[in-house]
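The paragraphs after it go from the overall outline to single residues.

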Amino acid sequence: MSIEDRAKATSKNVEGKVQETVGNVTGNPEDQAEGKAKQGEAEVRHGAENLKDKVKKALD
């Protein structure tokens, strides 16, 4: 797994959590939704990296 890709996914997750929290505090549903979407994107990225690892392990 690429450490760089994993770091990007983690960064996107943190960014999403912060944006969602800001949306909760300010009562802005758009920020809440965008924050949740970023967290979902990060989850997909992590899943893709995990799948790459499994495939690589199976081929080794």
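Predicted model: local features only at pLDDT ≥ 70, side-chain atom pairs only at ≥ 80, totals over all residues.

Residues are numbered from 1 along each chain as its sequence is written, and side-chain values use heavy atoms, with hydrogens and water left out.

The secondary structure of the protein consists of 2 helices and 0 strands, where helices (H or I, at least four residues) and strands (E, at least two) are DSSP runs numbered from the N terminus. Along the principal axes, the C-alpha atoms fill a box of roughly 50 × 15 × 10 Å. The radius of gyration of the protein is 14 Å, whereas a compact globule of 60 residues would have one near 10 Å; this radius is taken over C-alpha atoms, and the globule rule is 2.2 Å times the number of residues to the power 0.38. Of the 60 residues, 18% are buried, a word that here means under 20% relative accessible area, with exposed meaning over 50% and partly exposed lying in between (1.4 Å probe, protein chains only).

How are two packed helices described? By the angle between their axes and the distance between the axes. Here, the axes of helix α1, which covers residues 3-26, and helix α2, which covers residues 29-59, come within 7 Å and cross at roughly 160 degrees. That makes α1 roughly antiparallel to α2, since angles over 145 degrees count as roughly antiparallel, those under 35 as roughly parallel, those from 65 to 115 as roughly perpendicular and the rest as oblique. The axes are lines fitted to C-alpha atoms, for helices over the stretch in contact, and the angles run from 0 to 180 degrees between N-to-C directions. The crossing of α1 and α2 is left-handed, which is the term used if the near helix is turned anticlockwise from the far one by less than a right angle, clockwise being right-handed. The residues of the contact of α1 with α2 divide into 3 nonpolar, 11 polar and 16 charged; Ala, Val, Leu, Ile, Met, Phe, Trp, Tyr, Cys and Pro count as nonpolar, Asp, Glu, Lys and Arg as charged, and the others, Gly among them, as polar.

The structure holds 6 salt bridges, each being a side-chain nitrogen of Lys or Arg within 4 Å of a carboxyl oxygen of Asp or Glu. In one of them, Lys-38 pairs with Glu-15, and the closest N and O atoms are 2.7 Å apart. This pair links distant parts of the chain, with Lys-38 in helix α2 and Glu-15 in helix α1, 23 residues apart. Glu-15 counts as partly exposed, because its relative accessibility is 36%.

Another salt bridge joins the side chains of Lys-36 and Glu-20 (4.0 Å, N to O). This pair too links distant parts of the chain, Lys-36 being in helix α2 and Glu-20 in helix α1, 16 residues apart. Lys-36 is exposed at 52% relative accessibility, whereas Glu-20 is buried, with a relative accessible area of 19%.

A further salt bridge is formed by Glu-49 and Lys-52, whose closest N and O atoms are 3.1 Å apart. Because they are 3 residues apart in helix α2, Glu-49 and Lys-52 are separated by about one helical turn. Glu-49 is buried at 5% relative accessible area, and Lys-52 is partly exposed at 47%. Salt bridges that share partners join Asp-5, Glu-49 and Lys-52 into one network.

Two further residues complete the walk. Ala-42 is found in helix α2 and counts as buried, its relative accessibility being 1%. Asp-53 also has its place in helix α2, and at 25% relative accessibility Asp-53 counts as partly exposed.
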